[in-house]
Amino acid sequence: MIIRVPASSANLGPGFDSFGIAWQLYNEIDFQIAEELSISGCDEQFCNENNLAYVAYHRVLERRGLGDEGVAIRFGRTAIPVSRGLGSSAALIVAGVMAANELHQLGLSRDELFLLATEVEGHPDNVAPALYGGLTVSAMNGGRALTRRFPISDKLHFIALIPPFELSTALARGVLPDSVSRADAIFNISRAALLLRALGDGDAQLLSFAMDDRIHQPYRSKLIDGFTHARIEAQECGAAGICISGAGSTLLCVASRDDFADRMETALTLSLPGWEMKELQPDLSGAMIAAL
């Protein structure tokens with residue numbers, strides 16, 4: 001069976017490790033029960049038992065007390081760029097847990113799959129939108145993840161600015177401080193609450209204020225060559241809000257003006273050669289079994 005999983009952007013500025021949104025940009029992975037493990041269609045270095053799709057698949061079987069059964073995993077369409085802050089790891093994990101549930105007829109609910117996917121990923125901010133779709137806010141409660149969806153206004157336009165280099169999540173987490181000041185915590189909490197309202201209402205003026213952050217972006221932006229220039233160009237083209245997508249290296253722009261994408265594409269071509277621009281539409285369905 002083919003599992004189709006959307007890309008996602010986590011954090012969204014002040015919503016560090018909590019907020020996420022799914023995009024109509026998909027990976028499709030085919031799973032079939034086999035005598036032994038085989039993985040094809042991806043880089044050779046990932047064709048082994050450490051592939052996150054297999055790790056998640058195996059974790060579900062292990063949790064249900066099933067044996068180490070073989071599986072053939074074939075990567076088909078893979079539109080989500082790797083290590084660019086668009087949820088490529090979460091997409092693999094969600095595909096793996098869904099495939100195990102369906103192939104072995106385990107009858108697990110989507111909420112149960114969410115808990116298993118979070119267990120593998122370590123945090124719920126990307127797996128929640130990848131699994132449920134839409135704009136999600138997630139939290140950990142006593143070692144268990146919970147999530148809720150929030151509305152997204154159709155007045156808004158979302159643009160990804162993707163640089164020609166990867167940024168590992170481990171490196172991006174490594175530059176973060178161990179603690180933050182009370183002032184910075186209050187700064188982020190207040191803006192995160194307002195950001196949900198801004199995204200739901202399509203309020204561009206509020207977005208420009210609410211997407212600011214002091215907890216992770218001031219540190220991670222230094223790892224993204226061209227960040228400051230890209231942000232200035234986006235602002236001049238009319239972006240209402242700009243943030244790092246996930247851990248980076250992609251930047252996410254939110255705008256209300258219809259000509260933003262055209263203006264941004266011209267600016268990017270002239271000033272940031274090698275960067276790619278993608279217009280994104282929110283995915284509201286989440287991961288699903290694709291038609292064969």
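Accessible areas here come from the Shrake-Rupley method with a 1.4 Å probe. With that setting, the protein exposes about 13300 Å², and carbon and sulfur atoms supply 48% of this area. The model on screen is a predicted one.

Start with the whole chain in cartoon view. The protein contains ten helices and eleven strands. Its radius of gyration is 19 Å, close to the 19 Å that the globule rule gives for 292 residues, so the protein is as compact as a globular protein of that length.

Next, colour by burial. Of the 292 residues, 51% are buried. If contacts are drawn for pairs with a separation of 6 or more, 73% of them join residues 24 or more positions apart.

Now select the charged side chains. There are 23 positive and 35 negative ones, and the centres of the two sets lie 7 Å apart.

The largest nonpolar core has 64 residues, and Trp23, Phe31, Phe158 and Leu207 have the most contacts inside it. Select residues 88-103 for helix 2, which gives this core its largest share, ten residues.

Then centre on Phe31. Leaving out residues up to four places away in sequence, Phe31 touches Met1, Ile3, Ala53, Tyr57, Val71, Ala72, Ile73, Ala95, Gly96, Ala99 and Leu103.

Last, select Cys237, Leu251, Ala267 and Leu268, which are among the 24 residues of another core, apart from the largest one. In soluble globular proteins, nonpolar side chains tend to be buried together.

How values were computed:
Residues are numbered from 1 along each chain as its sequence is written. This is a predicted model: local features need pLDDT of at least 70, side-chain atom pairs count only at pLDDT 80 or more; totals for chains, interfaces and linings use all residues. Side-chain values use heavy atoms; hydrogens and water are left out. Helices (H or I, at least four residues) and strands (E, at least two) are DSSP runs, numbered from the N terminus. The radius of gyration is taken over C-alpha atoms; the globule rule is 2.2 Å times the number of residues to the power 0.38. Buried means under 20% relative accessible area, exposed over 50%, partly exposed in between (1.4 Å probe, protein chains only). Contact means heavy atoms within 4.5 Å. Lys and Arg count as positive and Asp and Glu as negative; His and the chain ends are not counted. The place of a charge is taken as NZ of Lys, CZ of Arg, CG of Asp or CD of Glu. A nonpolar core is a set of buried Ala, Val, Leu, Ile, Met, Phe, Trp, Tyr and Cys residues joined through side-chain atoms within 4.5 Å.
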